[in-house]
Structures are given as structure tokens and as C-alpha cells.
Amino acid sequence: MTKTMKGIVSSAAVASMLLFTGCGDNKEETKTAEAAKPAAAEKFVLKFSHVVSPNTPKGKAADYFEKRLEELSEGRIDVQVYPSSQLYKDNAVLKALKLDSVQMAAPSFSKFGKIVPQLALFDLPFLFKDVDHLHRVQDGEVGQKLKDMVTEKGYVALAFWDNGFKQLSSSKKPLILPEDAEGQKFRIMSSKVLEAQFHAVGGNPQMMPFSEVYSGLQQGVIDAAENPISNIYTKKFHEVQKYLTISDHGYLGYLVVMSQKFWNSLPADLQEDVKQAMKDATDKEREFAAQLNNEQFELIKEYADKTGKLEIINLNEEQKDAWRNAVSKIYPEFYDADNIGEDLIKGALNTK
């Protein structure tokens with residue numbers, strides 16, 4: 001339902017309620033109706049700001065959350081989703097949440113770097129065996145510890161949402177074994193973990209804004225990159241790289257957070273509705289992310305077959321082990337609790 005339609009329905013409902021309460025001849029009934037009005041009329045507006053388009057996994061899940069929470073709360077919470085940075089960009093939304101200017105957002109982990117650096121856990125290469133292991137970590141004790149850390153900073157951390165596992169690409173040479181990375185210039189996000197990851201295999205990490213990656217690859221300013229399939233396909237990185245290695249070595253995701261002020265304003269029953277709607281939306285978001293990843297990978301393979309300009313390399317287990325052994329040596333560098341913490345790293349590795 002559009003925000004305009006929501007307003008029309010809400011106005012009609014209020015008018016109907018006023019008409020009904022004004023028609024009673026019995027004074028006691030009128031008093032009872034008047035007393036019931038504030039509780040019945042208690043409604044909340046939840047603005048959900050995110051930076052991606054509505055047809056992405058995050059965008060679809062946000063829209064699903066809107067419908068589900070309005071259904072569970074029987075309209076007492078009016079969820080308004082604002083996609084594509086209509087309200088805030090990720091670098092401004094955390095401040096807006098503190099001010100309760102917006103009530104919910106789903107920034108990438110990197111946006112929490114200064115307040116909860118422990119979320120860099122998800123940057124560690126080959127920490128997760130597969131997507132099921134990843135979700136067990138996020139939904140288990142380690143994930144809860146991380147969410148508690150964020151909540152302690154004045155937010156309410158609700159759920160982890162997927163973008164996807166990262167793959168390696170290069171225009172210089174195929175990345176099959178760790179030594180193939182030697183000397184190559186890899187674009188990275190601002191992350192000590194990612195810097196250490198590429199130094200461990202002799203690469204040359206280069207911090208670069210995401211908006212400049214395509215031109216950087218096209219012009220040879222950088223040789224290589226790491227991205228989930230969705231980023232590779234939507235930004236056409238596969239068209240300016242010669243080699244794509246399916247490595248699943250790292251992970252990109254989001255943390256859904258809510259304004260603490262807004263959360264505290266909700267009665268207990270509506271807080272439970274938020275939790276349930278978020279659980280349902282998280283399940284859906286993971287489905288959307290997996291589906292989109294598969295669909296877009298098929299389109300990349302079609303491009304490779306049709307043009308002959310891209311070679312796709314699927315690492316076997318022996319090759320993956322070589323990468324894993326080379327880059328996992330950086331883990332102890334982040335055992336310090338002010339970085340990530342040994343308990344979180346080993347907790348993730350040991351999650352069954």
C-alpha cells in the first residue's frame with residue numbers, strides 16, 4: 001500500500017471511530033468509548049531507510065517486513081520504507097537513528113567500524129565453511145554477542161542480512177593459487193582485515209571508493225578486486241576483468257538496526273511483533289539473496305560463453321585449502337579484543 005493510500009485509510013478509520021463514539025445515547029457507554037480512545041488510537045510510524053533499489057534482496061526484504069509488521073500489529077505500526085538513499089546514505093543514517101529521525105536502517109558492517117570494530121569478524125577470509133555455517137554463527141552465540149555490542153552503543157541490533165560471499169577477479173592473471181596474487185593491485189574497502197588478507201598473499205591492497213572501481217579496473221589503476229556476484233554483475237565488473245575465481249573466501253552483509261528511542265516507546269506486545277516480523281523478513285532476505293546470486297551468476301556465465309572475454313575458475317578443495325592456509329595466518333593479528341577478539345574468532349570457527 002502506498003504512503004498516500006495509507007493516509008486515506010487511516011483518516012477514514014479515525015473518522016469512522018469518531019462517528020461511532022458520538023452516536024451513543026448512553027452516557028456510560030460514551031465515557032467508556034472515550035476512555036478507550038487513546039489506547040485504540042495509539043499508532044506508531046516506523047521509517048525504514050536503506051540505500052539500495054527495491055528489487056535487491058535487501059529492498060525486497062524491507063518491503064516484506066513492512067507488510068508483515070503491519071499485519072502482525074494490526075496496523076498499529078505504520079512502516080514506511082524509503083529505498084535508494086531517499087532519506088539518508090549509509091554514512092549518515094547511524095546519526096539519524098540516534099536522533100530518531102529515522103527508526104530503522106540496514107547498513108553494511110563497514111559503517112559500524114568506528115563504533116563496533118568487532119564486526120570486522122565478517123571480513124576474515126575463509127572463516128565460514130559455507131552459508132549454513134555462516135547463518136549458524138549469525139543466529140548463535142557469536143552473532144548475539146556482536147548484536148549486544150551494537151545495542152550497547154545506543155542502537156537496537158535486530159538481525160543480520162545477506163549480500164553474499166565474495167569472489168576474486170583479475171585482469172592480470174588467473175587467481176588459482178595464493179602466489180598468483182603476488183604483485184597484483186587489489187581494490188579493497190577500508191578494512192585492516194582486508195589489507196592484511198592481501199598482504200598475506202603478496203598482493204598490493206588499494207583502498208578505493210566503490211563508485212570508482214569500474215573505471216579503476218577499466219583503466220588499469222587496479223588489477224583485481226573482490227566482490228559478491230551481485231556487485232560484479234550489477235556494476236558490470238565482469239566486463240572489465242579477464243578472470244573470475246569462484247572462491248567464496250569472504251562475506252558481505254548488513255546489520256538491521258533500530259532507533260533505541262523508538263524501540264523503548266513501543267509497548268511490549270508491539271516489540272514482540274517487531275521481533276517476529278524481523279525473523280520472518282530475515283528468512284526471506286536470505287532466500288532472495290541466494291536466488292539472486294544464482295540468477296546473476298548464470299548471466300555472467302552466459303556473457304563468458306558468448307564473448308569469450310571472461311574465464312571463470314572454480315577452485316577445487318585442494319586449491320581452496322592453499323588459499324585458506326595462506327590467509328588464515330592473519331587471524332592472530334586480530335585476537336586483541338579492541339580489534340575483533342580471540343573469543344569471537346574461535347567461537348565462529350567452532351560453531352557447529
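**View 1. H135 is a buried residue in this predicted model.** At 13% relative accessibility, H135 counts as buried (under 20% relative accessible area, with a 1.4 Å probe and protein chains only). H135 sits in helix 5, residues 131–139 (helices are DSSP runs of H or I, at least four residues; strands are E runs, at least two; both are numbered from the N terminus). Beyond neighbours within four places in sequence, H135 contacts D162 and R286 (heavy atoms within 4.5 Å).

The model is predicted: local features need pLDDT of at least 70 and side-chain atom pairs 80 or more, while totals for chains, interfaces and linings use all residues. Residues are numbered from 1 along each chain as its sequence is written, and side-chain values use heavy atoms, without hydrogens or water.

**View 2. The largest nonpolar core holds 52 residues.** A nonpolar core joins buried Ala, Val, Leu, Ile, Met, Phe, Trp, Tyr and Cys residues through side-chain atoms within 4.5 Å. L119, L121, F122, L124, V150, L255 and V257 touch the most other members. Strand 4 (residues 155–170) gives the largest share, five residues. Leaving out neighbours within four places in sequence, L119 meets F109, F112, L146, V150, F160 and L255. Another core lies apart from it, with 28 residues, including F48, V274, M278 and A281.

**View 3. Nonpolar, polar and charged residues line the largest pocket.** The lining divides into 13 nonpolar, 15 polar and nine charged residues. Among the elements giving two or more residues to this lining are helix 3 (57–72), strand 4 and helix 11 (268–307).

Key: Buried < 20%, exposed > 50% of the residue type's maximum accessible area, 1.4 Å probe, protein only. Nonpolar A, V, L, I, M, F, W, Y, C, P; charged D, E, K, R; others polar.
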